[in-house]
Amino acid sequence: MEGDEGDGGVFGTPDAPDDDSTSNERVHALVGQGRFAEAHAVVGDAFVERNGSAGYLLRAWVLAQENRGPEAREAVDWALALAGPAEAADVFVLAGVVLLSLDEAHDALIVALRATGAEPDGWEPAVLLSDVYRRLGRVPDAVAAARRAVDLAPNEAEAQVALARSLSAGRSILGRIPRRLRPEHRTAVERSLLLGADPGQLQAPRAGVLTGGLAVALLWGIQLYRVETGDNWQFIAAGVVLVATAALLAVVVRVHARRTGTGARARLRGIRATVRTELAADPRLWQIRAAHVGAAIPVAPLVTTGLIADRAWRRELWPLWAAVPVTAAGAAALALAVAGVHWWYGPEFTRRTFLFSWFGRLQIVIPALLLGATLAAAVAGSAARSTWRDLALAHLAWLVLSGLAAATFSTRARTLRARSL
């Protein structure tokens, strides 16, 4: 269904006037042959004026296939601006397809929710919602939406493809679908092929962003290992690599912003608005997001004062000129994490997650104690080896306990949420 999958077409084009009844097929045929100038002649100003939102969206789809992202996004914005509250779900479905082809998954989610609201029992909005959730990495939600699409339209190939792709997206690191889902996946694949689906549509594409993220995480892990096991020069060299990697990421973000016509700040604000909208609409997500935050915060003390304590335990005390700024970086990371939660999720979430939650309070107090105790021992310079051992183990234990607690809370919340869908 997604516009960037090269499946040769999109469904759900709204009804057009009689003289435009064949325009959709003509445009798809022309784009498939790479004849973009002729396709634009079909979806000219007169066509757009007659067809309104549908006309803008067909033009946007042509622009997206031509890799003219900013112009395609502008056409989508015009289409959505013209779409009234009672607009047909088909308009929002096609808008979502185009936004996915532009890699605007969070904006596509907003449109998919509007499509679902316009036609609650429509299978096409459910398929779009499944595709969007899968692109956002929310596989359980993608599977739930695809199952609803199949329930509504079991004989539609698009619905069966969505289910197969969403189940395929839940593969483990070893590339295997969970055992309990394999019969359902096999049935969806067989039904899709029987209904005429292209076999190439049945596998969820590998995410380049995920692969790149894992590569960056591995690189940073290697540098932290150098800090942990090397001498002072290794520490300096690892710091230079980390700074250079951060600068390279900033350049990549800037280049992507120029290519898409959407700046990083505007993109972040759009994603933040979507996240807050989802939280307001689904109380169960509060617990899941709080668990994610709780699992991430202990990383800050572990990779700062945790390294200091571990090396001192092995009789390799860091010099004070290195221990002090690293501890300050850990404290800054902790403060930025709390401020980031406030900025990203909003003040109400922050109050409920930290100020009025015992788990949230511990996520602030215990890292602060670990940072302070390690710095005090480093400044004193006379701490016993057993003290450093206890500090190092405390850092690691807090990370493990936080991760286990977060996993428990998140699993419980997801289970309750799945039952309510």
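The following legends describe close-up views of a predicted model.

**View 1. The ring pair of Trp343 and Trp344.** Seven aromatic pairs occur in the structure. In one of them, the ring centres of Trp343 and Trp344 are 5.8 Å apart, and their planes meet at 40°; the pair is therefore tilted, since the tilted class lies between the limits of 30 degrees for stacked and 60 for edge-to-face. Trp343 has a relative accessible area of 40% and is partly exposed.

**View 2. The ring pair of Tyr345 and Phe349.** A pair of aromatic rings is described by the distance of the centres and the angle of the planes. For Tyr345 and Phe349, the centres are 4.5 Å apart and the planes lie at 35°, so this pair is tilted. Tyr345 is buried, because its relative accessible area of 15% falls under the cut-off of 20%. Phe349 is likewise buried, with a relative accessible area of 0%.

**View 3. An aromatic cluster.** Three residues, Trp286, Tyr345 and Phe349, make up one aromatic cluster.

**View 4. Spans annotated as transmembrane region.** An unreviewed UniProt entry lists residues 233–257, 320–344, 364–384 and 391–411 under "transmembrane region". Within the model, residues 364–384 are 81% helix and 0% strand, and the C-alpha atoms at the ends of this span lie 27 Å apart. Residues 391–411 are 100% helix and 0% strand, with 30 Å between the end C-alpha atoms.

Methods. Residues are numbered from 1 along each chain as its sequence is written. This is a predicted model: local features need pLDDT of at least 70, side-chain atom pairs count only at pLDDT 80 or more; totals for chains, interfaces and linings use all residues. Side-chain values use heavy atoms; hydrogens and water are left out. Rings of Phe, Tyr and Trp (its six-membered ring) pair if their centres lie within 6.5 Å; planes under 30 degrees apart count as stacked, over 60 as edge-to-face and the rest as tilted. Buried means under 20% relative accessible area, exposed over 50%, partly exposed in between (1.4 Å probe, protein chains only). UniProt positions are given in the numbering used here, feature names are shortened, and annotations may be inferred rather than shown by experiment. Helices (H or I, at least four residues) and strands (E, at least two) are DSSP runs, numbered from the N terminus.
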